[in-house]
Amino acid sequence: MNRPLHLATAALAASAALLLTSCGSDDKSSGGDDKIAGAEQGDDKKSAPPSKPAGAVERPEIKLPSDLSYKFEWAKSGDKNKDAVLADTERYVKAVDMAIAEQDPLHKAYRFYSEGEAAAGSQKFVQEYVDYKDRITGVKRFYNARVDITGGKTAGLVYCEDQRKAHNKSLKTGKTAKAAAPSKDDYVLYSSRLRVNEKGVWVTETTTSDRGNATCQP
């Protein structure tokens with residue numbers, strides 16, 4: 001059985017859900033194993049860099065494997081709502097990856113930042129990694145973000161992801177999947193709809209993706 005790489009992305013895109021996938025492929029499945037990622041297995045963890053607090057909101061702590069990092073190459077706009085959309089999207093991205101690392105398809109962290117189709121899609125995506133006993137390693141890069149706020153309560157967000165340096169890592173063997181040959185499909189364009197809830201958190205409701213979109217190509 002193939003690992004949930006590009007194929008998983010296509011499936012989740014069809015359901016208009018959040019897509020967070022890693023590049024690279026390895027035809028050899030890691031096989032079944034009951035171990036999960038986390039401190040119990042000696043998998044070094046690191047806390048995500050603290051973000052500026054948004055009011056008095058009590059946010060879930062995000063802890064990630066030490067071999068997974070991010071490059072969010074989008075500058076602050078100076079508009080507090082737009083910057084809050086970007087900040088909460090960053091937290092959502094990391095929260096989904098934490099759910100994968102901890103092998104928890106119903107992790108409270110990503111559900112704090114998502115609802116509806118996006119939350120359902122994230123659950124399905126995390127479950128695929130649980131089924132394969134894999135997690136994500138490497139570097140995820142995000143760029144070319146554009147935010148449009150409507151009425152101060154809803155927002156549209158479009159951004160790109162470069163997946164060339166993000167790969168699957170087997171929780172059974174500890175080995176990282178061999179990187180696939182460079183391709184235009186290493187770049188993904190995302191389009192999300194968000195709304196601000198009563199806590200002041202910008203939650204993602206839907207996301208669609210377009211792998212290989214020309215907008216994201218170098």
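These legends describe close-up views of a predicted model.

**View 1. An aromatic cluster links six named residues: Tyr70, Phe72, Trp74, Phe142, Tyr159 and Tyr190.** The structure holds 9 aromatic pairs. One of them joins Tyr70 and Phe72, and this pair is stacked. Their ring centres lie 5.8 Å apart, with 10° between the planes. Tyr70 is buried, at a relative accessible area of 15%.

**View 2. Trp74 meets Phe142 in a tilted pair.** The two ring centres are 6.3 Å apart. The planes stand at 45°, so the pair counts as tilted; stacked would need under 30 degrees, and edge-to-face over 60. Trp74 comes from the loop between β3 (68-73) and α2 (80-101). Phe142 comes from strand β4 (residues 134-150). The pair therefore ties together parts that are 68 residues apart in sequence. Both Trp74 and Phe142 are buried. Both also belong to the cluster of linked rings that includes Tyr159 and Tyr190.

**View 3. Arg141 places its charged end over the ring of Tyr143.** The distance to the ring centre is 4.1 Å.

**View 4. Lys133 and Asn144 each have a positive phi.** Most residues other than glycine have a negative phi. Lys133 has a phi near 55°. Lys133 sits in the loop between α4 (116-132) and β4. Lys133 is buried, with a relative accessible area of 15%. Asn144 also has a phi near 55°, but its place is in strand β4 itself. Asn144 is partly exposed, with a relative accessible area of 45%.

**View 5. β4 and β5 form a hairpin.** The two strands pair in the antiparallel sense over 8 bridges. Three residues lie between them. Gly151 is in the turn and has a positive phi of about 65°. Further along the pairing, Val147 stands opposite Leu157 in β5.

**View 6. Strand β5 also pairs with strand β7.** β7 covers residues 187-196. β5 and β7 run in the antiparallel sense, with 9 bridges. Cys160 has Leu189 of β7 as its bridge partner. Of the 9 residues of β5 (residues 154-162), 8 are buried, so the strand is largely enclosed by the rest of the structure. In a regular strand the side chains alternate between the two faces of the sheet.

**View 7. Helix α2 spans close to its expected length.** α2 has 22 residues. From first C-alpha to last, the helix reaches 31 Å, against the 32 Å expected at 1.5 Å a residue. Of its 22 residues, 16 are buried, so α2 is largely enclosed by the rest of the structure.

Conventions. Residues are numbered from 1 along each chain as its sequence is written. This is a predicted model: local features need pLDDT of at least 70, side-chain atom pairs count only at pLDDT 80 or more; totals for chains, interfaces and linings use all residues. Side-chain values use heavy atoms; hydrogens and water are left out. Rings of Phe, Tyr and Trp (its six-membered ring) pair if their centres lie within 6.5 Å; planes under 30 degrees apart count as stacked, over 60 as edge-to-face and the rest as tilted. Buried means under 20% relative accessible area, exposed over 50%, partly exposed in between (1.4 Å probe, protein chains only). Helices (H or I, at least four residues) and strands (E, at least two) are DSSP runs, numbered from the N terminus. A charge sits over a ring if NZ of Lys or CZ of Arg is within 6 Å of the ring centre and within 35 degrees of the ring normal. Two strands pair if DSSP finds at least two bridges between them. The expected span of a helix is 1.5 Å times one less than its number of residues.
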